[in-house]
2 protein chains.
Amino acid sequence: MQLTRAADYGVRVMIYLAAVGAVSRISLVELAAATNAPDSFLSKILQALTRAGLISSRRGQSGGFRISKTGLEASMLDVIEAIDGRIYLNTCLIAGKNCSRKHSCPAHPVWADAQRAMLQVLDAALIANLAAGNRGASLQTGCAEGPQSLIDCANS
Amino acid sequence: MQLTRAADYGVRVMIYLAAVGAVSRISLVELAAATNAPDSFLSKILQALTRAGLISSRRGQSGGFRISKTGLEASMLDVIEAIDGRIYLNTCLIAGKNCSRKHSCPAHPVWADAQRAMLQVLDAALIANLAAGNRGASLQTGCAEGPQSLIDCANS
């Protein structure tokens, strides 16, 4: 039960692009260096983020990747789901799945509560706030780091 | 990011054994039928639960599996970890792992909070309470099902 490396890199990419701002376009090479992700792997992640409308891409000499307005409003959960699809802690929670024991299994509501608790935290963490070193008052666990630490993070 | 099938079956086994009580020994065949788990797969799960001291096993004609005192006091989290090991939402949260960006990455405290929120729910759900159709006051999401629904669940 662990996040995929792709989703982890996706979050790093989004925070990096949010810190750079919606004006500049960043090349694949720069993003790969900043996130420590292999180029070919990163390409697929960027495709998924583009498909989800979280970033835009342009080919050519002055091309590259830029965070979109949607991306600036996105949460960590939005980014993860853009790459990995919807998160389900257990198969019995998959939307639309016909789970015959849904209403009688003692464990079912626990899986649902555990999933809800985890997703709420990820959904409350907005990419733009993280890039600005601020997780928002709702989480009350301030991240005091500024832009330099963000770059350090992306470079690690 | 999904629970393994083994851990899911492990939780079903534990709830079933808790409902039966610490007196009776249940055969592998009965447990397999009750949890819908393939025999060989279930054997490995039962070995892990035995190693963790959550159940005891005895060979022979009057043998079988029985929940232990430790098992009756266990939470869903204890059962999952007995089978899958410690849960880490992201590799950067692995205890003892030297994550160079731990103190500077804006996403790190969010991963930690999300993991904590999920684990708290799983840790508050005691197997014995679930078997009795009671999740405990702390969760405030009562599971009103009785023993029959437990059997229904295990048989589904």
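How are α1(A) and α3(A) oriented to each other, roughly parallel or roughly perpendicular?

**View 1. Packing of α1(A) against α3(A) in the predicted model.** The axes of α1(A) (residues 5-20) and α3(A) (residues 39-51) lie 10 Å apart, at an angle of about 70°. The two helices are therefore roughly perpendicular (65 to 115 degrees). Axes are lines fitted to C-alpha atoms over the stretch in contact, and angles run from 0 to 180 degrees between N-to-C directions. Contact (heavy atoms within 4.5 Å) involves A:R5, A:A6, A:Y9, A:G10, A:V13 and A:M14 of α1(A), with A:F41, A:L42, A:I45, A:L46 and A:L49 of α3(A).

**View 2. Helix α1 of chain B.** B:G21 follows, with a positive phi near 105°.

**View 3. Hairpin of β1(B) and β2(B).** Strands β1(B) (residues 55-58) and β2(B) (residues 64-67) pair (at least two DSSP bridges) in the antiparallel sense, over four bridges. B:S57 has B:F65 as its bridge partner. Five residues separate the strands, and B:G60 takes a positive phi near 100°.

**Notes.** Helices (H or I, at least four residues) and strands (E, at least two) are DSSP runs, numbered from the N terminus. Residues are numbered from 1 along each chain as its sequence is written, and chains are lettered from A in the order in which they are written. Local features need pLDDT of at least 70, side-chain atom pairs count only at pLDDT 80 or more, and totals for chains, interfaces and linings use all residues; side-chain values use heavy atoms, leaving out hydrogens and water.

Note on methods. Expected span 1.5 Å × (residues − 1). Parallel < 35°, antiparallel > 145°, perpendicular 65-115°, else oblique.
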